[in-house]
Amino acid sequence: MTVRNRGALAAMAAGAAALTVAALVACGSQPAGNVGAEEASTLASPTSAPPAAAPSVPVTAGELPAGAEIVPPVRLVIPEIDVTATVNAVGINERTNEFEVPPSVDQIGWYRYGPGLEAGAGSVVIAGHVDSATQGRGAFFRLRELDQGDTLTATGSDGTARRYRVVAREEYAKTRIPLDRYFARDGKPRLTLITCGGPFDAKARRYRDNIVVTAVPA
Amino acid sequence: MQLSYFRRVAAGGAVAALAFAGVGALTATPAYAATSKVSVVHGIPDTPVDVYVNGEKTLDNFKPGDVAGPLNLEEGEYDIALTKPGEPVGSAILKVDNAAVPGGANISIAAHLDAAGQPKITPFVNDVSKVDAGKARLIVRHTAAAPAVDVRAGGTPVFEELTNPNEAKGDVDAGSVKADVVLAGTDTVAIGPADLDLREGTATIVYAIGSAEGKTLDVVAQTITGLHSAPGGVPSGDGGQAGTGVGTWWYVLAGAGVLLLLGGGARVATARTPRR
């Protein structure tokens with residue numbers, strides 16, 4: 001075997017190795033895929049009220065609206081992915097009109113305009129960072145690993161711990177995510193967890209997708 | 001043969017005619033699509049009433065300060081009459097004939113006093129368009145026997161020179177505000193102050209009712225829910241550690257691999273040929 005030949009073979013080996021590594025990375029980074037998407041969408045459909053037997057007209061005292069009794073979640077525990085996080089009540093970023101996720105990545109935010117844990121209908125939304133350029137991994141870094149049947153516990157400001165069971169995990173491009181459905185105030189009572197995921201655009205420093213986990217009272 | 005052909009054509013024509021008639025019948029009736037939601041607000045002090053719609057008693061002993069509804073009414077014209085409780089519709093104290101209810105709207109019909117103190121009925125069309133995330137809609141209606149007023153929130157006038165029977169409205173940050181009503185251009189408080197909890201995604205309609213002269217000025221409130229919008233997005237990461245896309249460098253690596261394989265293969269192939 002000539003030197004020239006040996007060099008050529010080495011080049012081929014290096015090429016094969018490079019291809020294998022690239023292929024492995026490509027396979028490993030495939031999204032985990034959606035589960036339970038249909039169930040999540042069924043939960044969101046408004047429960048059809050049976051037609052009233054006697055069409056009587058409801059009369060209410062026209063009093064000024066008073067503050068409603070809402071139970072905000074204050075702590076969320078997800079044993080499956082080692083999450084124990086403080087939940088803050090958050091709203092809307094005035095400048096961007098987007099969900100105001102708490103800046104500290106180990107804390108997560110509950111959408112205070114939507115239902116609280118006491119609600120008999122609608123979607124309680126909690127969002128958290130997957131990670132941050134300056135702070136590293138966030139509370140919801142491993143949210144995409146959750147699967148149907150996993151349980152989590154949300155504790156309200158009333159001290160009551162409420163257990164939920166995961167029914168769906170979905171990944172949507174941020175441009176296509178049906179946010180109206182996840183921020184709905186009607187439909188079955190459910191807990192919706194949101195973070196970022198999918199391919200990362202290093203230049204714009206943003207993820208392409210949102211990961212959405214839907215859970216129902218266990 | 002020819003006869004049967006003719007028959008077939010005739011039958012086809014008849015079917016076509018029937019089909020067209022069917023379409024006509026369907027399009028001629030706007031029916032179910034045009035239902036409106038109608039609420040009734042009672043703003044005449046000290047005067048409980050029965051409310052008749054098209055001659056039928058709809059509300060029994062309806063009290064001042066109460067809000068009834070919403071009723072689902074089909075588009076059309078309605079006769080509305082108010083009587084003293086228990087009295088026949090013929091002796092109505094206040095009536096409006098042929099009140100037009102448009103289709104697909106949300107309407108509040110207010111029984112109230114005009115600026116001079118006479119009872120009257122005013123229909124208002126409620127703005128039920130969506131509010132932005134984080135916002136609430138405040139609508140104020142002057143339905144009292146009182147001069148022009150300003151509405152203040154936290155001491156600052158937000159609606160000015162409001163007169164009977166008009167409304168002013170705006171979308172504001174959801175939350176609690178201390179509001180009062182003053183005589184226009186003055187600091188003379190006519191109503192309030194009161195704490196208003198403006199819940200996000202709702203419209204709160206406040207009616208100023210009663211009479212300044214009779215010292216019966218008060219407010220009636222009506223709330224419409226379900227006007228909320230979702231946030232524009234949920235930005236929740238800028239680190240990139242969880243990125244699942246295949247980065248550019250991996251494509252470069254794969255490309256280099258392919259080149260090396262091809263190059264090396266070609267070398268091996270060309271090196272072997274001369275030996276034969």
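Which residues is B:Tyr78 in contact with, leaving aside its neighbours within four places in sequence? I began my notes with this residue, keeping in mind that the model is a predicted one.

**Entry 1: B:Tyr78**

I found B:Tyr78 in strand β5 of chain B, which covers residues 76-83. Once its neighbours within four places in sequence are set aside, B:Tyr78 is in contact with B:Val53, B:Asn54, B:Leu73, B:Val96, B:Asp97, B:Asn98, B:Ala99 and B:Val101. I then looked up its accessibility, and B:Tyr78 counts as buried because its relative accessibility is 12%, where the cut-off for buried is under 20%. The side chain of B:Tyr78 reaches the backbone oxygen of B:Glu74 at 2.5 Å. I also checked B:Tyr52, which is 26 residues from B:Tyr78 in sequence and lies 10.0 Å from B:Tyr78 in space, taken from C-alpha to C-alpha.

**Entry 2: the contact between chains A and B**

I turned next to the contact between the two chains, to which chain B gives 60 residues and chain A gives 66 residues. The area buried between them comes to about 5,100 Å², and carbon and sulfur atoms account for 63% of that area. Of the area that chain B buries against chain A, 13% is supplied by B:Val234, B:Ser236 and B:Thr244, which is more than any other three residues supply.

For polar pairings I noted 21 residue pairs in polar contact between chain B and chain A, both residues being at pLDDT 80 or more. The side of chain B that touches chain A has 27 nonpolar, 23 polar and 10 charged residues, and α2(B) gives the most to that side, with 13 residues. I counted one salt bridge between the chains, and A:Arg185 forms a salt bridge with B:Glu200, with the closest N and O atoms 2.5 Å apart.

Strands also meet across the two chains: β1 of chain A, residues 59-61, pairs with β4(B) in the antiparallel sense over three bridges. In this part of the structure I see A:Val59 standing opposite B:Ala68 in β4(B).

**Entry 3: B:Ser236**

Is B:Ser236 buried or exposed? B:Ser236 counts as buried, because its relative accessibility is 0%, and I located this residue in the loop between β16 and α2 of chain B. Setting aside its neighbours within four places in sequence, I list its contacts as A:Val101, A:Gly128, A:His129, A:Val130, A:Asp131, A:Thr195, A:Cys196 and A:Asn210. A polar atom of the side chain of B:Ser236 lies 3.0 Å from the backbone nitrogen of A:Cys196.

**Entry 4: strand β11 of chain A**

Strand β10 of chain A, residues 190-201, runs antiparallel to β11(A) and is joined to β11(A) by nine bridges. The two strands form a hairpin with four residues between them, and A:Arg205 in the turn has a positive phi of about 50°. Strand β9 of chain A, residues 161-173, is also antiparallel to β11(A), with nine bridges joining them, and A:Ala173 stands opposite A:Asp209 in β11(A). Why is β11(A) described as largely enclosed by the rest of the structure? Nine of the 12 residues of this strand, which covers residues 206-217, are buried, so β11(A) is largely enclosed.

**Entry 5: A:Thr155**

A:Thr155 counts as buried because its relative accessibility is 16%. Not counting residues up to four places away in sequence, A:Thr155 touches A:Pro72, A:Pro73, A:Val74, A:Arg75, A:Leu117, A:Thr160 and A:Ala161.

How values were computed
Residues numbered from 1 in each chain as written. Chains lettered and ligands numbered in written order. Predicted model: local features only at pLDDT ≥ 70, side-chain atom pairs only at ≥ 80, totals over all residues. Heavy atoms only, no water. Contact = heavy atoms within 4.5 Å. Buried area = accessible area lost by both parts, 1.4 Å probe. Salt bridge = Lys/Arg side-chain N within 4 Å of Asp/Glu carboxyl O. Polar contact = N/O pair within 3.5 Å; in protein donor to acceptor, adjacent residues only side chain to side chain. Nonpolar A, V, L, I, M, F, W, Y, C, P; charged D, E, K, R; others polar. Pairing = 2+ DSSP bridges. Buried < 20%, exposed > 50% of the residue type's maximum accessible area, 1.4 Å probe, protein only.
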